[in-house]
Amino acid sequence: MPQNALSVDIADSGKLNLIGLPAAELEEFFCSLEERPFRARQLLAWLYQRHTLDFQQMTDISLRLRKQLELLATLRLPGVVRAQESADGTRKWLIDVGGGQAVETVFIPEPKRTTLCISSQAGCAMDCSFCATGQQGFNRNLSATEILGQVLIARRALGPDVALTNVVFMGMGEPLANYRNVIPVVQLLLDDRAFGLSRRRVTISTAGLVPQILKLSKDCNVALAVSLHAPNDSLRDQLVPINRRHPIAELLDACWDYAECLASRQITFEYAMLRDVNDSIKDARTLARLLRGRPAKVNLIPFNPFPGTRYECSRDEVIEAFVSELWSAGVVATIRRTRGSDIAAACGQLAGQVDDRTRSRLGAKLARVANQ
Ligand code: SAH
C-alpha cells in the first residue's frame, strides 16, 4: 500500500479507494503488487477518461490482476442524495459525504464552454457575511476522493456527448484551507493520463489565504480567482473576515507574485454587488486604483440572496455604472450572469447539509486576530 495515501478514503471494508489517489501513489500501489508502473496509466484512463468504476470492465488488465484489485481496492463514489436541473440547463447534485454532511456540485452549460463548480469542504470557516455557505459554519475538509468524486459523478451523469471544459473550486468551502487534498485533485484534473484539462481551465477561488497563494505557484499554477468584494480594509474586514489577518495590500502583493508565474495571465477579482454597501462610484474608483496597470480583471457578481440574509443585490443601473467606471479607469471588468438561481445553485447559495462544529471556536479566534 502507498505509505502516504492520507488524502483518499479507506472504505469501511478496509480497501483502498483509488479515486483521487495521486498518479505517483497509484504507481507505488501497483509496484507493491509487483506489477509494472504502466498499470497506473491504464487504470487512470479507465477511471478518468472512460469513467468506469468496475475493475472487471478494465479488459486490458489481466484477469488475475483484476481479481487482486477487487480484493484490495475499491472505486467507490460518494452517494447522490438529490439531482436537480434548472430551467436554464444548470444542474446541481447534493452529495452525501457521510456523518449527516452533504455538499453541492453545480454544472453550468454555456454556448462555448461547460463549467463544473465543485466543493472542497463541508461548510466553510471563512465566515463571509454575504455567503450562504459561510453562514452555515464549518464541519470538515473533504478528502481528495470526495472532491474528485464530484467530478466523476457529474461526468457520469452528463454522459459521453457532453464535454466538460472547465472546473472551478467555487462551490462550498475555501479550497486553499484544504490545500493538502485540493492539490492532488488539481494534479489529476491537469494530468493528460487522467482528465487532461488545461491550466487555464481549472480555477481555484480563494477568500485570500496569502501563505497558500504564495505556495500555490510552486505546486501548480492554475488560474486564480480572489474574492475581493471591497476596495478598502475597513469594509473588507466586515465582509471577508480573513482580511483582518491578511489585509488587502498583503493579498494583492501575493496576487502579483502569483501572476508572474502565470506567464502573462490575469488574476480574476470577484466582487459581489451589495446594494448600498460596496457599490458606489467612489468604491469603483478606489478599486480601480488598486488594480489599474496590473494583470487583473474584475468579475462583478450580482448578489444572490438566500434566506435570512441582511443584504440585497445592487440595482441593475448601479452595476452598469460601476462596471463603466472601472472600464473608464482602465480596468477590465465583466458582470457574471446569474445561473441556476431557481434551484439555488448560484454563487453563494450553496448550502448542502452542514453541522457547524467550529463557529464558537472560530469566533473566538477571529476576535483574537482582530485585537492583535
Ligand atoms: N471560498 C472561496 C470559494 C467561494 S464561492 C472564495 O471565497 O473565493 C465563489 C464566489 O462566490 C466567491 O467570490 C464568493 O465570495 C462569492 N459569493 C459568496 N456568496 C455570494 C452571494 N450570496 N452572492 C454572490 N456571490 C457570492
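## Helices H1 and H2

In this predicted model, helix H1 (residues 23–32) packs against helix H2 (residues 38–49) at an angle of about 125 degrees, and their axes lie 8 Å apart. That angle makes H1 oblique to H2, and the crossing of the two helices is right-handed.

On the H1 side the contact is made by Ala23, Leu26, Glu27 and Phe30, while H2 contributes Arg39, Ala40, Leu43 and Leu44. Sorted by class, the contact of H1 with H2 comprises six nonpolar residues and two charged ones, with no polar residue.

## Helices H6 and H7

The crossing of H6 and H7 is right-handed.

The residues that meet here are Tyr179, Ile183 and Gln187 in H6 and, facing them from H7, Gln212, Lys215, Leu216 and Asp219. By class, the contact of H6 with H7 holds three nonpolar, two polar and two charged residues.

## Gln150 in helix H5

Gln150 belongs to helix H5, which covers residues 144–158. Its relative accessibility is 1%, and since buried means under 20%, Gln150 counts as buried.

When neighbours within four places in sequence are left aside, Gln150 is in contact with Ile95, Val103, Glu104, Thr105, Leu116, Ile118, Ser119 and Leu142. Among these partners are Glu104, Thr105 and Ser119, alongside residues such as Ile95, Val103 and Leu116.

## The chain as a whole

The helices discussed above belong to a chain that has twelve helices and 14 strands in total. Taken along the principal axes, the C-alpha atoms of the chain fill a box of roughly 70 × 45 × 40 Å.

Buried residues account for 56% of the 372 residues in the chain, and Gln150 is counted as buried too. Where contacts between residues at least 6 apart in sequence are considered, 65% of them join residues that are at least 24 apart.

Notes. Residues are numbered from 1 along each chain as its sequence is written. This is a predicted model: local features need pLDDT of at least 70, side-chain atom pairs count only at pLDDT 80 or more; totals for chains, interfaces and linings use all residues. Side-chain values use heavy atoms; hydrogens and water are left out. A crossing is left-handed if the near helix is turned anticlockwise from the far one by less than a right angle, and right-handed if clockwise. Helices (H or I, at least four residues) and strands (E, at least two) are DSSP runs, numbered from the N terminus. Contact means heavy atoms within 4.5 Å. Ala, Val, Leu, Ile, Met, Phe, Trp, Tyr, Cys and Pro count as nonpolar, Asp, Glu, Lys and Arg as charged, and the others, Gly among them, as polar. Buried means under 20% relative accessible area, exposed over 50%, partly exposed in between (1.4 Å probe, protein chains only). Axes are lines fitted to C-alpha atoms, for helices over the stretch in contact, and angles run from 0 to 180 degrees between N-to-C directions. Angles under 35 degrees count as roughly parallel, over 145 as roughly antiparallel, 65 to 115 as roughly perpendicular and the rest as oblique.
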